[in-house]
Amino acid sequence: METSKSKGLTKLEEDFLRSKVLEDKKTADEWLNFFNKVANIEDFFEDEIERCKKLQNIGLGIMSVGFLFIIFAIALRSGVLIALGLILIVVGIVWAITYYFKKSDLTSFRVDRYFIEQKILPVIYILREEMKSSEPISLNIDLGCFHQTGEILQYSELVSDSISIMDVGSPAGPNSLGFHDGIYKDSWFFGEATLADGVNVSWNIFDLVKFSEVIIPKRRGSKCKWRSKYKTIVGMNIKMPKKRYELQDNTKQKSEEGNFRIKKSGDYYLLDIERKFDNTQFFKQTSQTGFFECENTGKSFEIKNFIDVLGLAYKLAKPNAKQK
Amino acid sequence: MNNLCQFKRGFFTLRTCNRPSMKQCETCGKLSCQFHLSAQSGMRLCVDCAQKQNQGRTSNYQEDDWVYSYRSWYYTSGYQPFRFGNQDYSSFENYDDTSADWDDDYAGDFNDS
């Protein structure tokens with residue numbers, strides 16, 4: 001396994017922490033180790049970040065000594081001391097900047113620990129229960145901001161006449177005054193796994209994010225208000241082997257437990273299930289600069305949603321009476 | 001003597017755990033593997049006995065305990081798990097996944113729930 005020597009991280013861990021995007025196949029235990037490690041990355045880097053802070057302060061100290069040298073040098077009219085002072089200032093600045101960027105690099109590795117522990121790990125735990133130890137789980141995760149990676153489903157704007165119209169699909173820039181709203185579809189969690197009973201599950205969990213933004217002109221720049229509302233949709237394609245399960249073929253139904261469709265195909269029943277969950281969450285941000293903090297994806301998802309949808313497939317199935 | 005875990009593994013379907021046992025539960029005496037010993041009880045009790053003592057779901061998703069406490073809670077909602085023995089699974093190992101009949105035709109509206 002390729003490992004980043006400087007940080008003790010594998011290539012995959014480092015890439016995920018930097019980009020918040022991940023696509024790979026591992027066993028459930030390997031994924032649990034992976035996510036437990038990245039969720040605790042701040043602890044992992046704590047000593048290193050502290051060391052960088054100290055070294056950065058040492059650089060600032062050297063720079064201060066350089067200034068003192070120059071003050072004394074001016075008082076003593078000593079060219080040597082001035083030169084020494086200047087060298088110390090330059091060394092101090094370079095030193096402090098180097099460790100400032102090193103520290104920033106490490107802090108850019110932060111991921112939302114709560115998110116990983118509450119939303120991703122539980123799915124892996126549930127799947128581990130249902131799977132053989134050696135069977136892999138394919139995951140495709142994108143924890144980037146919804147307005148950077150999401151697909152825009154609906155968009156409208158009311159913009160003042162003299163102002164240029166913003167690009168569709170991106171949040172308004174600081175100069176496009178007016179009112180913007182729309183809906184993003186942010187698919188953040190795909191995966192596929194084959195369970196111990198031969199059932200193949202592929203899931204797609206996505207958020208529908210309704211956003212609205214008001215940009216008000218001010219004497220200096222503009223004031224922006226951003227509101228977003230999240231809903232979770234869990235979709236699953238499930239292949240249940242006929243040898244083990246019986247389902248009612250050619251069924252299509254909308255119910256509170258989810259909308260589903262059952263078809264026969266070869267040795268399997270194919271179930272398409274989709275359910276929208278109303279665990280809506282609201283978020284507000286106000287910005288004087290026109291720039292908003294990145295809103296993490298998947299805010300309204302709960303592990304119960306995943307269990308309810310997969311559980312529906314098993315509730316619809318009966319054991320095949322012909323099985324040996 | 002059989003030194004395998006005597007608990008059931010699974011959530012929607014239950015099957016014999018069959019992992020090597022680590023110790024006996026101090027309450028019920030069943031042999032248990034590391035996954036079926038409750039971390040909350042300091043690995044003294046099995047997850048079932050720990051669940052009975054705690055009388056509730058744990059929300060600490062970093063421990064194995066929560067899966068079993070959630071499983072117990074989920075079954076109280078009326079879900080009946082499928083129960084399979086180990087031999088049942090062997091016949092499923094050669095299934096192929098060749099069907100291309102998959103689609104994901106979501107066209108939902110934000111307001112329809």
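**View 1. Helix H2 (residues 28-39) of chain A packs against helix H5 (residues 113-130) of chain A at an angle of about 170°, with 10 Å between their axes.** Because of this angle, H2(A) is roughly antiparallel to H5(A); the cut-offs are under 35 degrees for roughly parallel, over 145 for roughly antiparallel, 65 to 115 for roughly perpendicular, and oblique for the rest. Axes are lines fitted to C-alpha atoms, for helices over the stretch in contact, and angles run from 0 to 180 degrees between N-to-C directions. Helices (H or I, at least four residues) and strands (E, at least two) are DSSP runs numbered from the N terminus. This is a predicted model, in which local features need pLDDT of at least 70 and side-chain atom pairs count only at pLDDT 80 or more, while totals for chains, interfaces and linings use all residues. Residues are numbered from 1 along each chain as its sequence is written, and chains are lettered from A and ligands numbered from 1 in the order in which they are written.

**View 2. Residues of H2(A) meet residues of H5(A).** On the H2(A) side they include A:Trp31, A:Leu32 and A:Phe35, and on the H5(A) side A:Ile116, A:Ile120 and A:Leu121 are among them. Residues in contact have C-beta atoms, placed from the backbone, within 7 Å. The contact of H2(A) with H5(A) comprises eleven nonpolar, no polar and four charged residues (nonpolar: Ala, Val, Leu, Ile, Met, Phe, Trp, Tyr, Cys and Pro; charged: Asp, Glu, Lys and Arg; polar: the others, Gly among them).

**View 3. Strands E10 (residues 251-255) and E11 (residues 258-265) of chain A pair in the antiparallel sense over five bridges.** Pairing requires at least two bridges found by DSSP. Two residues lie between E10(A) and E11(A) in this hairpin. A:Lys252 has A:Arg261 in E11(A) as its bridge partner.

**View 4. A:Asn250 lies in the loop between strand E9 (245-246) and E10 of chain A.** Its phi is near 50°, a positive value in a residue other than glycine. A:Asn250 counts as exposed because it has 8 C-beta neighbours inside 10 Å (buried: 20 or more other C-beta atoms within 10 Å; exposed: 12 or fewer; partly exposed: in between; C-beta atoms are placed from the backbone).

**View 5. B:Asn18 is in the loop between strand E2 (13-16) and strand E3 (23-24) of chain B.** The phi of B:Asn18, a residue other than glycine, is positive, near 65°. With 14 other C-beta atoms within 10 Å, B:Asn18 is partly exposed.

Conventions
Two residues are in contact if their C-beta atoms, placed from the backbone, lie within 7 Å.
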